[in-house]
Number of protein chains: 2
Amino acid sequence: MVRLKGFQKLTPINEALRIFFHGLRIEKLRKVTVPVHQALNRVLAEDVIAEENLPRFDRSAVDGYAVRAEDTFEASQFTPKNLRIANGNEVGEKEAKQVWTGNSIPKGANAVMMLENSKRINDEIEAWVPVTPGENISKKGEDVSKGDVAVKAGTRLKPQHLGLIAALGITEVNVVVKPKIAVLATGNELIETGNKPEENQIFEVNRLILSVLCQELGAEPFDLGIAKDDVNEIVKKLKVGLEKANAIITTGGTSVGASDLVPAAVNSIGKPGVIVHGIAMRPAMPTALAIAHKKPIIILSGNPVAAMIGFEVFARPLICKMLGLKREFRLEIKAKITRRVSTALGRRSFVRVHVSQHGEEFLAEPVSTLGSGVISTMTRANGYVIVPENREGLEEGEPVTVHVFDNIEVVDRSV
Amino acid sequence: MVRLKGFQKLTPINEALRIFFHGLRIEKLRKVTVPVHQALNRVLAEDVIAEENLPRFDRSAVDGYAVRAEDTFEASQFTPKNLRIANGNEVGEKEAKQVWTGNSIPKGANAVMMLENSKRINDEIEAWVPVTPGENISKKGEDVSKGDVAVKAGTRLKPQHLGLIAALGITEVNVVVKPKIAVLATGNELIETGNKPEENQIFEVNRLILSVLCQELGAEPFDLGIAKDDVNEIVKKLKVGLEKANAIITTGGTSVGASDLVPAAVNSIGKPGVIVHGIAMRPAMPTALAIAHKKPIIILSGNPVAAMIGFEVFARPLICKMLGLKREFRLEIKAKITRRVSTALGRRSFVRVHVSQHGEEFLAEPVSTLGSGVISTMTRANGYVIVPENREGLEEGEPVTVHVFDNIEVVDRSV
């Protein structure tokens, strides 16, 4: 007879994360050199140091005339100052030399008069306004000084970072190798999409969802396929995962029933095995966290919604750590909840909401949370609200923090 | 003599957008069929209709025993109800049949008793709690009913959408073809990164920045390279762009100087040509908007920061429209500005800020805005604040809306 009961003790999320990351020694991933134009969203493995000043020389910030500022003092449209166009590459007293945006500042000049503030008459200009020394000049090194850290290690590279790196003349960067995350689904009832399901069979979708979630974060998923509810089969696939990947994520077979074979399989392959099982959260309560052969294994529920929330809470910070990122939180916005929501005391609840913008205000409409198997609650939501363990729900109109995972609809916009 | 002056009239941003989109007839892009696992962030070209119910059958949401709810009424741990394990596939009066999460509900049963609320003793179970009809059952069609629109056309596909589509057994989807955006930089001073710059030369980085910005939105950049400040050369490259791409973005040669050849080149290739030139904004004031051969051409400043802000304001909504998306706004959060900022009256100003989270509060620190050529103001910022045309700046401590374009650092976090 199998001993059938609930989890004897549910571990709070913060405690579970602490135990998990305390037990893990996350190995630093290798770095790899990639062309700058292919480095979008990769994580920089080492500081990019400026080997040159940026700009490399004093540069005109506008189209106009390089002048000596002193020669323009007290100029106005009614009492213009007349300056001769310089012959050579140098600007002497009461001289001006035409420059376009980006041109270097000729010797002798210390400011640039904008074209629109002057008038050219043959080989002279009329300066209509005074300029101050340094005006309209981008100073050498103003953007980045030689020797400075232009972009820090551990930065996820966005278009602006790539632009700055390229502006320094750099064509390749060292980024962190994508961590490989093996993904395994378990369950006798599961079949691959594309097949014809028999009665009782369902399409396996967790591997797809988790794989694209990994990709979004900059990890590389490794597909371990579907295992039947059979310890030997699960063990075999887990061993492939340990060999090929930096971490494993499984789904299914982790509640309290007799079919909960994944924790057993994990425990059989290496120490310490499962270190947390049963989390004080909803959904995703049956989540387990394990370590084997020094590699992290996250054992998620088979319910797609619970699997996604479990990924959010445990796999997301893991992947960030592997990449050497501090931690990327979801963007948080303040909203008002539109309806009362009840949640279970003692569990941290993840309430899916659809948030939209109405003028200056954001409204969060709870999406019906019937069952963690209902994937459409995730497609109708664009964020979630965390209800802490010591609350039994949210009151209508209560201010909440929404963690945003999809675009926000603007119903009515002031600006 | 070239007539040298400023723009006679600056067009407000909203007016510029109205003129531009009014003049454009954006052709619907073709659709293309891609495997679901490659459809992340693509835009759905047509509704995905459920051809089956999801779930396809009444399904257990938990591990436990399928029962007749009536047989459990008034059960407690002290007065359990004893139920026999059913022999066949049907559940009769006072019978129970073991089911795992996802299993179909046997005939006769109308609820599932969770394992942890029961105890198995040989061929009987003790039911310790009452269940209500329907309890712990995922009803057929509860997630999506046959014939329903599961995911709407015009949706940018996130992991949850792909999961829902796959759960319906669908392996391929029709998405909108990526719009091709030709990108051209102009300027005699520009050289490609990787080369050794001579005095006065600078590395061209706008094509890189704009290309990755296009990629982020799901468009495909097409590189037109660098053109010298020469109308014929610019025209030649623009013609290639018109032939190969759905839209063109150029940088440089668009202020009021004699080197402002791009508007002239655009006007020479087709009607109506430039329809807006000079926008009441800062940075990016010299931006021009044009249409030639029914294709949109966005003429941006050569300053990288101005080019990025110009892209944000004009190219971003254009690409969204081409993709058939309503409009994707940047995520907006409320913050307090930490310092006084002054801006020009009559211009909509884009103040770059570094926003960070301190407990429940977000603080926005203005990044020094010296010169729109200073790319590092974009790498030090993670968002921007819009100061409207009728304001001359922001007061210290003023509440502002930050449009977020990079991760937000959490300095101190309450939850």
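How many residues does the contact take from chain B and from chain A? In this predicted model, the contact takes 78 residues from chain B and 80 residues from chain A. Let's start there and then step into the fold of chain B.

**The interface**

Several elements of chain B give two or more residues to the side that touches chain A: strand E8 (118-121), H2, strand E15 (202-203), helix H3 (206-217), helix H6 (304-323), strand E22 (332-337) and helix H7 (376-380). H2(B) supplies the largest share of that side, with 8 residues. Sorted by class, the residues of chain B that touch chain A are 37 nonpolar, 27 polar and 14 charged.

How are the two copies related?

The table sets them side by side.

| Helix pair | Angle | Axes | Handedness of crossing |
|---|---|---|---|
| H3(A), residues 206-217, and H2(B), residues 159-167 | about 160° | 9 Å apart | right-handed |
| H4(B), residues 231-244, and H5(B), residues 261-269 | roughly 55° | within 9 Å | right-handed |

Take the pair between chains to begin with. An angle over 145° counts as roughly antiparallel, and H3(A) and H2(B), packed at about 160°, are therefore roughly antiparallel to each other. From H3(A), the residues Leu208(A), Ile209(A), Val212(A), Leu213(A) and Glu216(A) meet Pro159(B), Leu162(B), Gly163(B) and Ala166(B) of H2(B). By class, this contact has 7 nonpolar, 1 polar and 1 charged residues.

H4(B) and H5(B), crossing at roughly 55°, are oblique to each other. On H4(B), the contact is made by Val231(B), Ile234(B), Val235(B), Leu238(B) and Lys239(B). H5(B) brings residues including Leu261(B), Val262(B), Ala265(B) and Ile269(B). The contact of H4(B) with H5(B) has 10 nonpolar, 1 polar and 1 charged residues.

**The sheet of chain B**

Which strands make up the open sheet of chain B, and in what order? It is formed by 6 strands in the order E16-E13-E17-E21-E20-E18, with mixed pairing. At the edges are strand E16 (220-227) and strand E18 (272-277) of chain B, each of which pairs on one side only. From one strand to the next, the twist averages 20°.

Within the sheet, E17(B) (residues 247-251) and E21(B) (residues 295-300) run parallel and are joined by 4 bridges. Here Ile249(B) stands opposite Ile298(B) of E21(B). Helices pack on this sheet too: H3(B) touches strand E13 (180-186), E16 and E17 of chain B, and its direction makes about 165° with that of E13(B). Helix H1 (residues 13-23) of chain B lies across E18 and strand E20 (288-292) of chain B, running at about 165° to E18(B).

**A hairpin in chain A**

Finally, have a look at strand E8 (residues 118-121) of chain A, which pairs with strand E9 (residues 124-127) of chain A in the antiparallel sense over 4 bridges. Arg120(A) has Ile125(A) of E9(A) as its bridge partner. The hairpin has 2 residues between the strands, and Asn122(A) takes a positive phi near 55° in it.

Definitions and conventions. Residues numbered from 1 in each chain as written. Chains lettered and ligands numbered in written order. Predicted model: local features only at pLDDT ≥ 70, side-chain atom pairs only at ≥ 80, totals over all residues. Axes fitted to C-alpha atoms, helices over the stretch in contact; angles between N-to-C directions. Parallel < 35°, antiparallel > 145°, perpendicular 65-115°, else oblique. Left-handed = near helix turned anticlockwise from the far one by under 90°. Contact = placed C-beta atoms within 7 Å. Nonpolar A, V, L, I, M, F, W, Y, C, P; charged D, E, K, R; others polar. Pairing = 2+ DSSP bridges.
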